[in-house]
Amino acid sequence: MNDRIVITGVGIVDNLGTSPMECFENMLSEEYIDPVEFETEIESLKGLKCFKTSVPEYNIPEGIRKPMHNSLTVASKNALHVVQQATAGMDSTDVAVVFSSVAAKPQTEAGPFIDKMRDGKRLSPRTAVQYLNDFTAGLISQTFDYRGACVSMDAACATGLYSIDYATHLLKTHKYVIVGGTDTPAVDDDMYLFNQLGALGTKSSPFDSNRDGFIMGEGAGCLVLEKESDAKARGAGIIAYINNISHHTDGALGSPTSPDLSMTGAKASMSAVTNGIDLDDVAFVNAHGTSTPIGDDLEYAAIQAVIPETPVLSFKSKIGHSLAASGINETIYSVMCLCNGVIPKNFNIDDCDLEYVYKYKQKLTKKIAVKNSFAFGGKSSSLVLEV
């Protein structure tokens, strides 16, 4: 019998809160907190909105000096925060770390770095290393004395699920794997880039007929993965099972920014992860659901083609799109929905005729969910969770 892969710890911070239960309760709540005005000196970016991360009361870990912690970006501080939440009770340094950021950078923008480079001014090593996308992964290993593999991944908006997949492979040689993502992309350069691509909208309303793009979000999330036998041997509580993960792309059928209109990659990924599963046992599909005009309708059609008559929801209506953190945090929300037997409604829907996009909170009895993450270049990833 295969030794199943289990989740035994979670940590999360986003605009809804600084702990798993706080975030989940606010996700279920009928109260809707609007995104805030994006603060910028760039005229072309004024008027844009974003979901800024909540700021925890950081508990500085013993393995890091206070001056170093103070110098960290919010993204890195949030990463340490969610790791602390997730790792209580771990009993080994044989821990691999897969922790990723798509938009990590010091401070709020690249401008100060460019100015220093142009003028030949000194940049402190402490600041310089934070420009590396794998900095946070190494910081976690060093701070908590984890001595296993340490890596960061980048697959655009599918980074979270790619990270989870690689983490499952590392369990062949490590007792634990910490897998997570952290991003704070509500900064000038990232907002400019996505605005130029026409991806940003005026409100976060996945599947609404009048949606016009996504709202940039911020956050961090962390999962602790281990083998079921190890978890049971140490008496750890098993939160959920990672059943299947699959990744495909559209190949030559898509474009750098738009998927194939027949969603070839998405259908292939969902078909692969649900192969051998009774589709009637699937409680819901957590869609990538970014609120873009093209993507939502195509994804909904692909879901109905592969997993018909199943509730479809997008958490992004309340938390926006947090890039590398997105897939991790939405996996956590999906697990908590299954554990608590409830899914939130899809918020911000005024006009939607998609039958299985529900406008009200719904109780669950089924124990399996499918989570999708899609990305530029036609990347399509799907994950099956079970509790």
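Modeller: The side chain of Thr-182 makes a polar contact with the backbone oxygen of Ala-75, at 2.7 Å; such a contact is a pair of N or O atoms within 3.5 Å, where within protein one must be able to donate a hydrogen and the other to accept it, and residues adjacent in sequence count only if both atoms are side-chain atoms. This is a predicted model, in which local features need pLDDT of at least 70 and side-chain atom pairs count only at pLDDT 80 or more, while totals for chains, interfaces and linings use all residues. Residues are numbered from 1 along each chain as its sequence is written, and side-chain values use heavy atoms, with hydrogens and water left out.

Thr-182 belongs to strand E6, residues 176-183; helices (H or I, at least four residues) and strands (E, at least two) are DSSP runs, numbered from the N terminus. With a relative accessible area of 0%, Thr-182 is buried, where buried means under 20%, exposed over 50% and partly exposed in between, for a 1.4 Å probe and protein chains only. Residues up to four places away in sequence aside, Thr-182 touches Ala-75, Asn-78, Ala-79, Phe-99, Ser-100, Ser-101, Thr-136, Gly-219, Ala-220 and Ala-325, a contact being heavy atoms within 4.5 Å.

Ser-92 also has a side chain that reaches a backbone atom, here the nitrogen of Asp-94 at 2.9 Å. Ser-92 sits in the loop between helix H3 (74-86) and strand E4 (95-100), and is partly exposed because its relative accessible area is 26%. Beyond four places in sequence, Ser-92 touches Lys-175 and Tyr-176.

Ser-314 lies in the loop between strand E11 and helix H12 (316-319), and its side chain reaches the backbone nitrogen of Lys-316 at 3.2 Å. Its relative accessibility is 3%, so Ser-314 counts as buried. Setting aside neighbours within four places, Ser-314 is in contact with Pro-206, Phe-207, Asn-286, Ala-287, His-288, Gly-289 and Asn-346.

H11 has 12 residues and spans 17 Å from its first C-alpha to its last, close to the 16 Å expected at 1.5 Å a residue; the expected span is 1.5 Å times one less than the number of residues. Nine of its 12 residues are buried, namely Gly-295, Asp-296, Leu-298, Glu-299, Tyr-300, Ala-302, Ile-303, Gln-304 and Val-306. These buried residues pack against helix H10 (264-274), strand E10 (282-286), strand E11 (312-313) and strand E14.

In the loop between E10 and H11 is Ser-291, whose phi is near 90°, a positive value in a residue other than glycine. Most residues other than glycine have a negative phi. Ser-291 is buried, with a relative accessible area of 0%.

The largest pocket has a volume of about 560 Å³. On a 1 Å grid over the protein atoms alone, a pocket is an open set of points where a 1.4 Å probe fits, with protein on both sides within 12 Å along at least five of seven lines, and lining residues have an atom within 4 Å of a point; grid points are joined across faces, edges and corners, and the volume is the space filled by probe spheres set on the points. Of the 30 lining residues, Thr-257, Pro-259, Thr-290, Thr-292 and Phe-376 are the closest to the centre of the pocket. Helix H11 (295-306), strand E14 (368-375) and strand E15 (379-386) are the elements that give two or more residues to this lining, and H11 gives the most, with three. The lining divides into 12 nonpolar, 14 polar and four charged residues, where Ala, Val, Leu, Ile, Met, Phe, Trp, Tyr, Cys and Pro count as nonpolar, Asp, Glu, Lys and Arg as charged, and the others, Gly among them, as polar.

Helix H10, against which buried residues of H11 pack, contains Ala-272. Ala-272 is partly exposed, with a relative accessible area of 37%, and its contacts beyond four places in sequence are with Ser-246 and His-248. The C-alpha atoms of Ala-272 and Asn-244 are separated by 8.3 Å, although these residues are 28 apart along the chain.
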